[in-house]
Amino acid sequence: MRVVAQRCYEASVTIDDEIVGEIASGLCLLVGFTHDDTEEDVKYIAKKIVGLRIFEDDSEKMNLSIQDFGGAILSISQFTLYADVKKGRRPSFTNSAGPDVASGLYDLFNDLLGREGIIVETGVFGASMDVRIVNHGPVTIILDSQELLGK
């Protein structure tokens, strides 16, 4: 499981000129899955994101988690995070989990974040979406369960 977490002032996702999800301040998460991902990966990454201290406190130090800060999450499914560009010029997406697996893991991930009391907005899994992110910092963190769990 791979997540690109961007601290943001605001973020929204639009499908066919209609906003389907938006948040004020918090995190915009671009979320992808590969074939080996399991519920263990999802639970680990969800817990890691909830506890990441990447929001500034009164001393302007990154000491606050999203829960401490009171921010929301915009979670966007993005199979292109597992693009392979080693050969040729057209990316291969064979490393991305298929929609039958990825959809369930994505739903579980968002559910786990919501259970922590965080407002979670989403796009539509598998849809063509336009995402607008006003990155704050900029602060962008990449989390990969394969690396973090030593798989």
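Biologist: Why does Ser77 count as buried?

Modeller: Ser77 has a relative accessibility of 13%, and buried means under 20% relative accessible area, exposed over 50% and partly exposed in between (1.4 Å probe, protein chains only); Ser77 therefore counts as buried. This is a predicted model, in which local features need pLDDT of at least 70 and side-chain atom pairs count only at pLDDT 80 or more, while totals for chains, interfaces and linings use all residues. Residues are numbered from 1 along each chain as its sequence is written, and side-chain values use heavy atoms, with hydrogens and water left out.

Biologist: Where does Ser77 lie, and what is Ser77 in contact with?

Modeller: Ser77 lies in strand 6 (residues 72-77); strands (E, at least two residues) and helices (H or I, at least four) are DSSP runs, numbered from the N terminus. Leaving aside neighbours within four places in sequence, Ser77 is in contact (heavy atoms within 4.5 Å) with Val31, Tyr106, Val124, Phe125, Gly126 and Met129.

Biologist: What makes Asp37 buried?

Modeller: Asp37 is placed in the loop between strand 3 and helix 1, and its relative accessible area is 7%, so Asp37 is buried. Beyond four places in sequence, Asp37 touches Met1, Gly32, Tyr82, Leu105, Ser145 and Gln146. A polar atom of the Asp37 side chain lies 2.7 Å from the backbone nitrogen of Thr34.

Biologist: Why is Asp144 called buried, and which backbone nitrogen lies 2.9 Å from a polar atom of its side chain?

Modeller: Asp144, found in strand 8 (residues 130-144), has a relative accessible area of 6% and is therefore buried. The backbone nitrogen is that of Gln146. Not counting residues up to four places away in sequence, Asp144 touches Met1, Arg2, Ile45 and Tyr82.

Biologist: Why is Gly104 described as partly exposed?

Modeller: Gly104 is in helix 3, and its relative accessible area is 41%, so Gly104 is partly exposed. Other residues of helix 3 are buried, including Ala102, Leu105, Tyr106, Leu108 and Phe109. Their cover includes strand 1, strand 3, helix 1, strand 6 and strand 7.

Biologist: How do you know that the span of helix 3 agrees with the 1.5 Å a residue?

Modeller: The expected span is 1.5 Å times one less than the number of residues; the 17 residues of helix 3 should therefore span 24 Å, and the end C-alpha atoms are 24 Å apart, which agrees.

Biologist: What describes the packing of helix 1 against helix 3?

Modeller: The axes of helix 1 (residues 39-51) and helix 3 (residues 99-115) come within 9 Å and cross at roughly 35°; axes are lines fitted to C-alpha atoms over the stretch in contact, and angles run from 0 to 180 degrees between N-to-C directions. By class, this contact has 10 nonpolar, no polar and two charged residues, where Ala, Val, Leu, Ile, Met, Phe, Trp, Tyr, Cys and Pro count as nonpolar, Asp, Glu, Lys and Arg as charged, and the others, Gly among them, as polar. Among the residues that meet are Val42 and Ile49 in helix 1 and Leu108 and Leu112 in helix 3.

Biologist: What makes Asp16 and Glu60 count as exposed?

Modeller: Asp16 has a relative accessibility of 72% and so counts as exposed; Glu60, with a relative accessible area of 64%, is exposed as well. Phi is positive in each, near 50° for Asp16 and near 60° for Glu60.

Methods: A polar contact is a pair of N or O atoms within 3.5 Å; within protein, one must be able to donate a hydrogen and the other to accept it, and residues adjacent in sequence count only if both atoms are side-chain atoms.
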